Amino acid sequence: MAEVLVLVDHVDGQVKKVTTELLTAARRIGEPAAVWIGDGAETGRGTLAEYGAEKVYVASAELNDHVVAPKAELLAKLAQDKGAAAVLVSATAENKEIAGRTAVKLGSGVLTDVVDVNAEVVAEHSIFGGTTITHARVRTGVPVVAVRPNSVPAEAASGAAAEEQVSVEVSDAAKTAKVVERVHEEQGERPELTEAAIVVSGGRGVGSDDFSVVENLADSLGAAVGASRAAVDSGWYPNQFQVGQTGKTVSPNLYVALGISGAIQHRAGMQTAKNIVAINKDPEAPIFELADFGVVGDLHAVTPQLTEEINKRK
């Protein structure tokens, strides 16, 4: 069975959830082989094994001293040397560039923002805000596929996760852009948005840049905070917290929408949540079409009561 290369997303040795989703998708196609760049592979190896990685190719952390080009050269070399059936990466901004560069080096095609992929490497796309599903496949070379986080449910399946050190002779051209400084953003105590089991998001109905009503409810639930495009465009909340087609895709167990109308753009980023609760004063708001539970009312009156009740029950 041919190998399927999966580029691992990790932070300080901790494997991010999207990688477990990619390994799940890879098992449909062939034998999953994780590609780990940098330190911490020993820490993350257990998680990779838990989700079916048969091999773990570990490359030097020096590849991270440059931008994306060396990583693309590594993936292309591994794909050629191992006769890979496909290369899977997460559809982040950086990894989509890596995917494109890898495909060029392989002389093959690339598919981005994929929401599912089958055994024949036919990729599914959700377009026009989730109203239309399309399918595509790469006809030449090794398919390179960038999959959206939270699109493929992660399923555990044991693998050997046999570790193998690999290297690549990086070209001079790939070294022209060098990382000279890294600044670590303070994460705080809230979970990361795309990894969280519970997400509380605020929209235009919040009415100002005072998002405390959203944050207080999120903190009572141990949840991540999100925002609609309207709230982000108004400058009320940083854009890295935007949920939607042009923001981040989330698929938590519980999604709470506060003052969010439910425009197609927003729904595309959260409609796969297991349970959706909406609070909106407009009874005709489209978000109620998706919601499992809905409250018609002013979020500034309803939400503090909800927060207080949750805190009482802790």
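**Entry 1**

Is Arg-190 buried, partly exposed or exposed? I found Arg-190 partly exposed, because its relative accessible area is 29%. My scale calls a residue buried under 20% relative accessible area, exposed over 50% and partly exposed in between, with a 1.4 Å probe and protein chains only.

Before going on, I noted that this is a predicted model, where local features need pLDDT of at least 70 and side-chain atom pairs count only at pLDDT 80 or more, while totals for chains, interfaces and linings use all residues. I also noted that residues are numbered from 1 along each chain as its sequence is written, and that side-chain values use heavy atoms, with hydrogens and water left out.

Next I asked which residue forms a salt bridge with Arg-190. The partner is Asp-219, with the closest N and O atoms 2.8 Å apart. This pair links distant parts of the chain, 29 residues apart: Arg-190 sits in the loop between β12 (162–165) and β13 (198–202), and Asp-219 in helix α5 (residues 212–221). Asp-219 is partly exposed too, with a relative accessible area of 39%. For the record, a salt bridge here is a side-chain nitrogen of Lys or Arg within 4 Å of a carboxyl oxygen of Asp or Glu. Helices (H or I, at least four residues) and strands (E, at least two) are DSSP runs, numbered from the N terminus.

How many salt bridges does the structure hold? I read off 15.

I picked out Arg-101, which forms one with Glu-97, the closest N and O atoms being 3.2 Å apart. Both residues lie in helix α4 (residues 93–106), four residues apart, about one turn of the helix. Arg-101 has a relative accessible area of 37%, so I logged Arg-101 as partly exposed. Glu-97 is partly exposed as well, at 38%.

Then I turned to Asp-233 and Arg-229, whose side chains meet in a salt bridge at 3.3 Å, N to O. They are separated by about one helical turn because they stand four residues apart in helix α6 (residues 229–233). Asp-233 is exposed, with a relative accessible area of 58%, whereas Arg-229 is partly exposed at 40%. I also jotted down a network: Lys-96, Asp-113 and Arg-148 are joined by salt bridges that share partners.

**Entry 1: strand β1**

I moved to strand β1 (residues 3–7) and asked how many of its residues are buried.

Which strands pair with β1? Strand β4 (residues 31–37) runs parallel to β1 and is joined to β1 by five bridges, with Leu-7 opposite Val-35. Strand β6 (residues 86–90) also pairs with β1 in the parallel sense, over three bridges, and there Leu-5 stands opposite Val-87. Two strands count as paired if DSSP finds at least two bridges between them.

**Entry 2: the two domains**

The chain is divided into domain 1 (3–175) and domain 2 (198–313), with bounds from an automatic or database domain assignment. Their centres, taken over C-alpha atoms, are 32 Å apart.

What lies between them? Seven residues of domain 1 are in contact with eight of domain 2, contact meaning heavy atoms within 4.5 Å. The buried area is about 600 Å², and carbon and sulfur atoms give 43% of that. Buried area is the accessible area (1.4 Å probe) that two parts lose on being put together, summed over both. Across this interface the rule finds zero salt bridges.

Glu-73 is found in helix α3 (residues 69–82), and I logged Glu-73 as buried because its relative accessible area is 13%. Leaving out residues up to four places away in sequence, Glu-73 touches Lys-105, Val-168, Glu-169, Val-170, Ser-171 and Ala-174.

My last stop was Pro-283, in the loop between β16 (275–280) and α8 (287–290). By the same exclusion, Pro-283 touches Phe-288 and Val-296. Pro-283 and Gly-294 are eleven residues apart in sequence and 9.3 Å apart in space, C-alpha to C-alpha.
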